[in-house]
Amino acid sequence: MSKPRAPRAAGARPKPATGPARAGMTIPEGRQMPDASRLTPPAHEAGRTGPPNGDAFHTIGKRNRKVEGLAKVTGRAVFADDLTLPRMLHAKLLRSIHAHARILAIDASQALAMPGVHAVVTGRDLPEYFGIIPWTQDEQALCESKARYVGDAIAAVAADSELIAEEALRLIKVSYEVLPAITSIEEALAHPENQVNEKASEGNLSKHVHLEFGPVDELLEASDEVVEAEYWYEGSTHAPIEPHCCVAEYDATGFLTVWSSTQVVHYLHRDLAKVLGLPTQRIRVIQPVVGGAFGGKSEPFSLEFCAAKLSMLTGRPVKILYTREEVFYAHRGRHPMLLHYRTGIRRDGSLTGTDARIAIDGGAYSSFGLVTTYYSGQLLTAPYAMPAYRFDSTRVFTNKPCCGPKRGHGSVQPRFAFECQLDKLAERIGMDPIAVRRKNFIGENTRTVNGLRVTSNGFLECLDAVERASDWKRRWRNLPYGRGLGVAGSMYISGTNYCIYPNEMPQSAVQLKLDRSGRATVFCGISDIGQGADSVLAYIVCEELGLDLRDVRVVAADTDLTPVDLGSYSSRETFMCGNACLDAARQLREQIASTLAERWGVPKGELVLANGMAVAASDPHKYAMTVKDAIQAAEAAHGTLGSVGWYQSPKLGGDYRGGTIGASPAYSFTAHVAEVDCDPETGEVTVKKIWVAHDCGRALSPVAVEGQMEGSAYMGFGEALFETHTFKPATAAHGPGIHHGPSLLDYRMPTSLDTPELESIIIESVDPEGPYGAKEAGEGPLHPSVPAIANAIHDALGVRCDRLPFSPPAVLALLQGSDARGAWERARLGHAGAGARG
Amino acid sequence: MDTRQKLVCRLRVNGDVRECATTPHTTLLEALRYGLALTGSKQGCDKGDCGACTVLVDGDPVLACITLALACESRDVRTVEGMADGARAHPLQDAFDVTGGAQCGFCTPGMLMSAWALLERNRNPTRDEIAHALSGNLCRCTGYTKILDAVELAARDLRERDGGSRPS
């Protein structure tokens with residue numbers, strides 16, 4: 001006897017309207033997302049942003065535990081280095097001792113002859129170029145002809161133990177021809193003939209972007225005040241506490257499995273196939289629990305290719321664990337930037353034109369540099385309306401570890417400069433800097449000068465919140481010399497609008513399995529790197545299906561088991577995977593609802609699935625059963641239960657070359673006030689407290705959102721005061737390009753004693769396209785930390801910190817080089833005068 | 001001395017007497033992780049900078065990556081795996097989970113060890129005392145706020161549990 005089955009083909013679901021396609025690429029019907037009808041079954045009217053069960057949420061917005069939380073606190077969570085396979089070998093990499101050198105010959109014969117050594121690979125074994133951006137693939141797993149920074153990988157040895165592999169490295173003889181090294185932006189531009197990276201289009205140019213929106217010069221000319229200044233943003237690195245690690249196993253059937261501490265399983269999968277010459281269907285990439293990433297694990301690295309190749313050669317599993325020193329060389333951290341701004345304002349506080357010239361130190365390779373160069377300009381155009389804006393950004397190659405995407409990719413540096421500019425402009429016209437920011441608020445449901453669509457925008461509420469919490473009105477410009485308050489704002493993307501390689505497939509997908517056991521399993525390529533991404537999916541399923549959190553399992557980031565998600569970068573997971581998961585969960589909810597509606601003879605919209613019970617709202621005593629029974633009823637009616645949800649963003653961005661870079665389906669907004677206590681005798685700055693207000697749309701998990709806000713503010717604070725990823729010039733003893741201190745002692749990241757009190761204030765502006773209205777929280781709240789501290793130092797001491805870090809010698813030099821006390825007094829008089837005028 | 005010569009190292013870990021083969025230079029962390037498969041303790045720097053490897057030796061927090069395994073023979077070693085009471089999480093573990101004190105979770109085992117040593121000495125630490133006790137454990141995710149919250153919460157919990165049996 002066959003069961004009656006409900007039609008389940010995609011064709012049976014209402015077809016969404018198709019938006020205009022991107023030039024050169026068509027997105028098929030049914031794949032574009034902003035279509036409430038597909039996402040929202042007619043059974044309830046909650047839409048994408050409301051609660052599915054009556055008036056209130058049951059799981060969303062509650063202070064829930066994370067799905068993997070107890071595994072982490074009991075030491076059971078399995079990170080990459082916790083994996084051991086039978087017959088596993090350990091490999092180590094030989095790294096360049098020169099910043100720039102031609103590799104003339106490599107003799108590994110002695111290493112190979114050493115007992116316990118099983119294989120050695122060099123650049124010749126892995127010649128294929130790779131790179132995260134398809135148009136700038138300029139990296140090799142091991143340098144073939146040239147080393148481009150101290151620490152560039154040259155050879156790899158697999159041995160019985162790490163110790164033997166390390167000893168074998170010393171037996172490899174590399175003949176170098178040392179070349180002059182390029183170690184600064186200035187040198188890179190002055191010496192195009194001394195080319196760092198042969199894939200550059202010319203000289204040492206990595207990328208140049210020049211974009212202009214509106215009559216910049218005209219408006220600057222017509223301004224009442226123009227501030228022109230140069231800023232230096234020092235490089236810094238992610239320094240996750242877990243070093244990069246991977247295990248690769250190539251088996252007798254020709255199948256490769258790679259476990260790696262990556263945050264982009266899908267991109268790693270693609271590049272492994274390219275470099276190793278294996279078809280993607282013969283490769284499985286699995287992300288174990290990852291011990292922090294912050295953008296530093298969002299590209300393939302030498303270790304994954306080398307471990308895989310060595311496993312292919314030896315037929316044994318191979319593990320590579322980077323030392324802490326190697327993590328500093330892997331880098332991909334914050335780009336050093338030299339930023340020159342001219343910004344105009346009218347006496348009423350409205351901004352006129354902004355003209356930016358930005359030079360970016362990219363290190364030896366491209367990484368995400370094409371995007372970085374665009375982001376350095378494109379992401380500045382909200383939360384303030386800019387009537388006219390021009391930026392000219394140039395990224396250059398230098399003989400240093402490659403920079404890349406660190407939390408707040410490409411936009412933290414210009415944000416620092418611009419928010420300092422705003423503070424200076426406010427002072428010039430005698431206006432409160434919070435008032436200036438309010439005055440120029442861009443608003444919601446609008447478009448920026450460079451064509452970015454802004455939907456929800458809670459920036460004003462963020463400003464109100466930090467103003468109130470810090471007692472700004474009473475205390476700013478009124479604290480004694482040495483103490484001060486500063487404000488800054490920012491915006492950030494909730495995912496990028498397009499995949500890194502152009503294609504017509506979804507950006508995120510979820511397969512949801514539900515069966516008579518009453519247990520749900522979410523399969524998704526999502527990458528949890530500690531931010532709680534896996535948990536967000538579980539919360540959504542619980543909210544939609546009324547399950548207990550313990551009855552949902554999330555299977556994530558395993559290319560054999562999970563549908564593709566592009567990974568944990570650009571703050572995309574909650575927004576994109578969240579939408580995909582909501583889509584999948586609502587399809588199953590609809591099957592349960594239609595089953596019970598028919599059985600009970602009530603409208604589908606009455607169904608409530610919450611706290612393990614399914615009830616009809618009109619008579620919850622008469623019509624009630626457990627969710628488990630309801631699932632069984634649905635399985636009987638519809639056959640085996642399962643659904644697929646996906647997300648693909650609508651076409652967004654400006655209609656010009658590069659106009660889609662920076663486009664995001666939603667933007668988060670942040671405001672900080674920082675309070676500092678400075679010692680004018682020593683120049684030491686102590687940050688007492690940072691108030692962080694962040695508009696993350698609806699906070700699906702307030703604990704996780706606060707965690708992101710606090711972690712972001714902390715990381716920005718560290719960059720402002722302590723952290724530098726810098727290199728020594730040549731001396732008689734060594735060549736150029738040696739890292740100043742590639743260790744967690746020398747790299748001064750803040751401890752529990754250094755970190756100020758951080759107060760998070762969540763602002764929820766419910767975005768129309770986010771899952772339940774959610775937007776990002778992982779990166780936006782870093783941006784205002786640095787300028788808020790700089791502006792607070794000015795309020796405290798009367799000096800402008802335009803160069804990072806704000807270390808005691810730097811601040812002391814500023815105090816000694818100017819009439820700081822006079823500037824401090826004038827700022828107070830100006831403020832009092834403005835108050836009198838107002 | 002042959003530095004590759006393996007010796008049997010007898011350790012008392014979480015109450016169990018365990019043996020593993022070590023060289024004279026094998027660290028306590030290597031012995032725990034690779035010799036005894038107690039992978040809860042983490043290696044973040046392998047040179048005593050980050051605190052992720054912190055374990056308790058005779059009740060004191062010790063950096064296992066710069067402590068020799070053989071130097072710990074006949075001493076009492078406690079790791080994150082020995083915190084829970086059977087299947088029941090220790091109040092500190094529970095508090096880290098509830099407050100969001102563990103994001104990526106990599107610094108967490110070491111952080112828990114330092115906090116455990118503190119709360120065994122002082123059931124009612126101030127926030128400053130907690131920050132001092134954890135200042136050798138780097139965390140890159142949380143900004144420490146929720147970690148301090150977690151230790152305060154666990155201290156309250158432990159004081160309540162002590163309440164019946166011990167005078168405060």
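**Exercise 1. Find out how covered helix α1 of chain B is, and by what.**

Solution. Start with the count: of the eight residues in helix α1(B) (28–35), six are buried. A residue is buried if 20 or more other C-beta atoms, placed from the backbone, lie within 10 Å of its own. Helices here are DSSP runs of H or I with at least four residues, strands are runs of E with at least two, and both are numbered from the N terminus.

Next, name the residues: Leu28(B), Leu29(B), Glu30(B), Ala31(B), Leu32(B) and Arg33(B) are the buried ones. Then look for the cover, which includes β1 (7–13), β2 (16–22) and β3 (54–57) of chain B. Finally, step just past the helix, where Ala37(B) has a positive phi of about 60 degrees.

A word on the model: it is predicted, so local features need pLDDT of at least 70 and side-chain atom pairs count only at pLDDT 80 or more, while totals for chains, interfaces and linings use all residues. Residues are numbered from 1 along each chain as its sequence is written, and chains are lettered from A and ligands numbered from 1 in the order in which they are written.

**Exercise 2. Follow α18(A) to the contact between the chains.**

Solution. Count both sides: chain A gives 42 residues and chain B gives 40. Two residues are in contact if their C-beta atoms, placed from the backbone, lie within 7 Å. On the side of chain A, the elements giving two or more residues are α2 (69–73) and α18. The largest share, eight residues, comes from α18(A).

**Exercise 3. Decide whether Ala488(A) is buried or exposed.**

Solution. Locate Ala488(A) in strand β18(A). Ala488(A) counts as buried because 30 C-beta neighbours lie inside 10 Å. Its C-alpha atom is separated by 9.5 Å from that of Ala790(A), 302 residues apart along the chain.

Notes:
A residue is buried if 20 or more other C-beta atoms lie within 10 Å of its own, exposed if 12 or fewer, and partly exposed in between; C-beta atoms are placed from the backbone.
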